[in-house]
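Subject: Structure handover

Hello,

Here is the structure I said I would pass on. My notes follow below it.

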Amino acid sequence: MRANPFIITEDYVAPEYFCDREFETSVLRSNILNGRNTVLISPRRMGKSGLIAHTIRERSLAEAYTTFTIDLFPTNSLAELILLLSNEIAGKMKTKEERFLDRFVSVVKSLRPGVKMNPVSGELEFNLSLGEIPRPEESLEEIFRYLNESPRPCIVAIDEFQQIAEYPEKNVTALLRSYVQKCTNARFIFAGSSRRMMEKLFNSPSEPFYMSCSPLYLDVIDKDKYWEFTARHFTSNGRTIDRACFESVYDRFEGHTWYVQRMLNDLYERAENGRQITLETISESLDYVVKLNGKAFEDLFRSYSETQKALLIAIAKEGKADNITSMAFIKKHSLKSPSTVQSAARVLYEKEVISKSEASYSITNRFFGIWIERLYGSR
């Protein structure tokens with residue numbers, strides 16, 4: 001039994017710690033089994049990585065497919081994508097196949113410099129560095145050929161896929177699309193948290209991936225399902241929380257998975273030894289979580305321009321800010337002008353510091369928004 005069943009790390013643990021997503025799991029499973037690639041779009045920290053891990057680890061898929069997952073968020077070039085993907089393939093296949101390196105380098109010849117002898121064991125292993133990828137496009141073609149020739153069908157999940165739009169190389173999306181189209185031995189899951197960019201990549205007629213994948217949008221977990229999940233884990237471990245307290249947390253964060261989960265993780269700890277969870281307990285928990293991140297939030301806030309700070313404070317005060325370039329909003333929050341607000345909002349939106357839903361803006365990191373409102377809201 002885990003010390004705390006409300007997981008807040010990126011790691012997938014087990015089905016019993018995974019809440020609902022039955023419909024989304026069935027869609028993703030169906031796409032894989034029926035030869036459809038998937039584009040999965042959700043806000044950051046809504047649970048898309050967990051959904052992918054939960055689905056591909058089901059016995060019916062785990063036994064039939066070899067799965068590879070990479071996250072492109074930290075990458076800035078095609079060579080870095082190659083580094084992540086080749087290391088992931090090497091790590092997975094080494095445990096599954098004998099003489100893996102022989103087969104791998106016989107196909108992916110451009111990455112042979114990554115094969116090195118372990119000075120301790122004397123065995124050959126794959127240990128590639130970024131400087132050993134002189135021809136990324138050639139390496140990409142060879143990796144896809146290797147996937148297509150794999151003895152078992154493959155699932156390739158690429159998280160934060162929209163990052164490829166930032167690569168300096170030209171035509172990366174067109175190159176990837178051509179290889180994906182020809183790779184009949186693999187099913188692909190392209191996941192991303194920037195809805196604007198992901199929809200541009202997959203829904204725009206001018207883009208190579210246009211209409212090439214089955215879309216799947218991830219929204220909040222149903223409140224009733226989340227309550228059942230919460231009550232079960234509290235009760236089965238001798239702790240209690242009433243529905244009203246759970247709903248106050250769920251509603252405060254509008255069901256956004258990670259923030260609800262982070263609060264439940266802390267409340268579960270506070271419920272030890274029969275302590276009753278109350279609205280006051282929830283307030284204490286929220287204070288604690290925000291305070292833990294205070295130094296990081298302070299450094300982050302300091303990095304923005306004065307105009308951007310002023311806009312963030314205004315949005316934090318509102319919670320959800322409508323018509324931010326209107327004179328009413330500008331006068332209410334003592335901002336400079338519609339043009340400066342628009343310019344600041346564009347930069348903050350591109351950096352995903354703020355999010356937009358229809359005409360409303362909010363601060364993406366909910367705890368950051370609370371920190372700003374508490375520190376500057378009364379000024």
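N4 touches N265, Y268 and E269, leaving aside residues up to four places away in sequence; a contact here means heavy atoms within 4.5 Å. The side chain of N4 also reaches the backbone oxygen of N265 at 2.8 Å and the backbone nitrogen of F6 at 3.0 Å. For polar contacts the criterion is a pair of N or O atoms within 3.5 Å; within protein, one must be able to donate a hydrogen and the other to accept it, and residues adjacent in sequence count only if both atoms are side-chain atoms. N4 is buried, with a relative accessible area of 15% (buried is under 20%, exposed over 50%, partly exposed in between, with a 1.4 Å probe and protein chains only). N4 is found in the segment before α1 (22–33); helices (H or I, at least four residues) and strands (E, at least two) are DSSP runs, numbered from the N terminus.

The model is predicted: local features need pLDDT of at least 70 and side-chain atom pairs count only at pLDDT 80 or more, while totals for chains, interfaces and linings use all residues. Residues are numbered from 1 along each chain as its sequence is written, and side-chain values use heavy atoms, with hydrogens and water left out.

An open sheet of 5 strands has parallel pairing and the order β2-β5-β6-β1-β7; two strands pair if DSSP finds at least two bridges between them. β2 (66–71) and β7 (214–217) are at its edges with a single partner strand each, so one side of each has no neighbour in the sheet. β2 pairs with β5 (residues 154–159) in the parallel sense over 6 bridges, and T66 has C154 in β5 as its bridge partner. Helix α4 (residues 78–94) lies across β2 and β5, at about 145° to β2. Axes are lines fitted to C-alpha atoms, for helices over the stretch in contact, and angles run from 0 to 180 degrees between N-to-C directions.

An open sheet of 3 strands, with antiparallel pairing, has the order β8-β10-β9. Its edge strands, β8 (321–322) and β9 (354–357), each pair on one side only. β8 is joined to β10 (residues 360–363) by 2 bridges, and A321 has Y361 in β10 as its bridge partner.

Helices α5 (residues 100–107) and α6 (residues 136–148) pack at an angle of about 130°, with their axes 8 Å apart. F100, R103, F104 and V107 in α5 meet E142, R145 and Y146 in α6.

Regards
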